[in-house]
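Please look through the structure shown below, following the chain from one end to the other. The report after it describes how the parts of this chain are arranged.

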Amino acid sequence: MGFNTVYTSLTARDRSELEVVNDFKYHLKRIVLKFDLDDNLKRKLFAVTAEPVMLYRAEAWTFTVQQEKSLDGAYTRMLQIALNVSWEDHISNIELYGELACTSTKVEERKMALAGNCIRHPVVTYLIFWEPTQGQMSRDRQKLSYEDVLKKDTGVENREKLRTLIQSC
């Protein structure tokens, strides 16, 4: 799935957010080249400035594996820009990320936090475990429900175990 495929499948609002990210990448590169900063400081600066832009509303997203890899790749490329590292330098992701967690891990944590907040609220509890009761299933691959995404992220298959895990978050 290339960048153009992802870009055309986005809504107008999401496209404008993507353009904000691209502008941010440009300004980030200018800052990195202008100032001589320590790599750990660059990572912290990146985490404070870029993550909120990239992961805005991420707790409500449901990813396919391909989309998750695409997000991780975009995050890695932006981190390379922040650290002024080229792909030709052959630096491993462990060295590149340092103490930063992987993007998909951060999104999983945000999803669990949102689910925990919803479970504790009596009016919104049903949203996490909602299943459609009307209509027919399509013949295509089924879309993942939020509960299915949480089960995949946590590795739990039982709904009650998932509920107790969410309540502990």
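Helices, taken here as DSSP runs of at least four residues, are numbered from the N terminus. Read in that order, the elements of this predicted model run α-α-α-α-α-α-α-α-α, and the chain accordingly has 9 helices and 0 strands. Of the 169 residues of the chain, 30% count as buried. Among the contacts with a separation of 6 or more, 67% are made by residues 24 or more positions apart.

| Helix | Residues in helix | Span, first to last C-alpha | Expected span at 1.5 Å a residue |
|---|---|---|---|
| H4 | 19 residues | 27 Å | 27 Å |
| H6 | 18 residues | 26 Å | 26 Å |

The span of H4 is close to the expected value, and the span of H6 is likewise close to the value expected for it.

The next topic is how helices pack. Two packed helices are described by the angle between their axes and the distance between the axes. Helix H3, which covers residues 39-54, and helix H4, which covers residues 65-83, pack at an angle of about 140 degrees, with their axes 10 Å apart. H3 and H4 are therefore oblique to each other, and H3 passes H4 in a right-handed crossing. On the side of H3 the contact is made by Asp39, Lys42, Arg43, Phe46, Ala50, Glu51 and Met54, while H4 contributes Leu71, Ala74, Tyr75, Met78, Leu79, Ala82 and Leu83. Sorted by class, the residues of this contact of H3 with H4 comprise 10 nonpolar, no polar and 4 charged ones.

H4 also packs against H6, at an angle of about 120 degrees and with the two axes 8 Å apart. Here the contact is made by Glu68, Leu71, Asp72 and Tyr75 of H4, together with Thr103, Ser104, Lys106, Val107 and Glu108 of H6. The contact of H4 with H6 has 3 nonpolar, 2 polar and 4 charged residues.

Both helices contain buried residues. In H4 these include Leu71, Asp72, Tyr75 and Met78, and in H6 they include Thr103, Val107, Lys111 and Met112. What covers the buried residues of H6 includes H3 and H4, as well as helices H5, H7, H8 and H9.

Leaving aside residues up to four places away in sequence, Lys111 touches Ala58, Glu59, Trp61, Thr62, Phe63, Tyr146, Val149, Leu150 and Asp153.

Finally, two loop residues deserve a look. Arg57 lies in the loop between H3 and H4, and its phi is near 65 degrees, a positive value in a residue other than glycine. Asn84, in the loop between H4 and H5, comes just after H4 and takes a positive phi of about 55 degrees. Arg57 counts as partly exposed because its relative accessibility is 31%, and Asn84 counts as partly exposed at 44% relative accessibility.

Methods: Residues are numbered from 1 along each chain as its sequence is written. This is a predicted model: local features need pLDDT of at least 70, side-chain atom pairs count only at pLDDT 80 or more; totals for chains, interfaces and linings use all residues. Side-chain values use heavy atoms; hydrogens and water are left out. Contact means heavy atoms within 4.5 Å. Axes are lines fitted to C-alpha atoms, for helices over the stretch in contact, and angles run from 0 to 180 degrees between N-to-C directions. Angles under 35 degrees count as roughly parallel, over 145 as roughly antiparallel, 65 to 115 as roughly perpendicular and the rest as oblique. A crossing is left-handed if the near helix is turned anticlockwise from the far one by less than a right angle, and right-handed if clockwise. Ala, Val, Leu, Ile, Met, Phe, Trp, Tyr, Cys and Pro count as nonpolar, Asp, Glu, Lys and Arg as charged, and the others, Gly among them, as polar. The expected span of a helix is 1.5 Å times one less than its number of residues. Buried means under 20% relative accessible area, exposed over 50%, partly exposed in between (1.4 Å probe, protein chains only).
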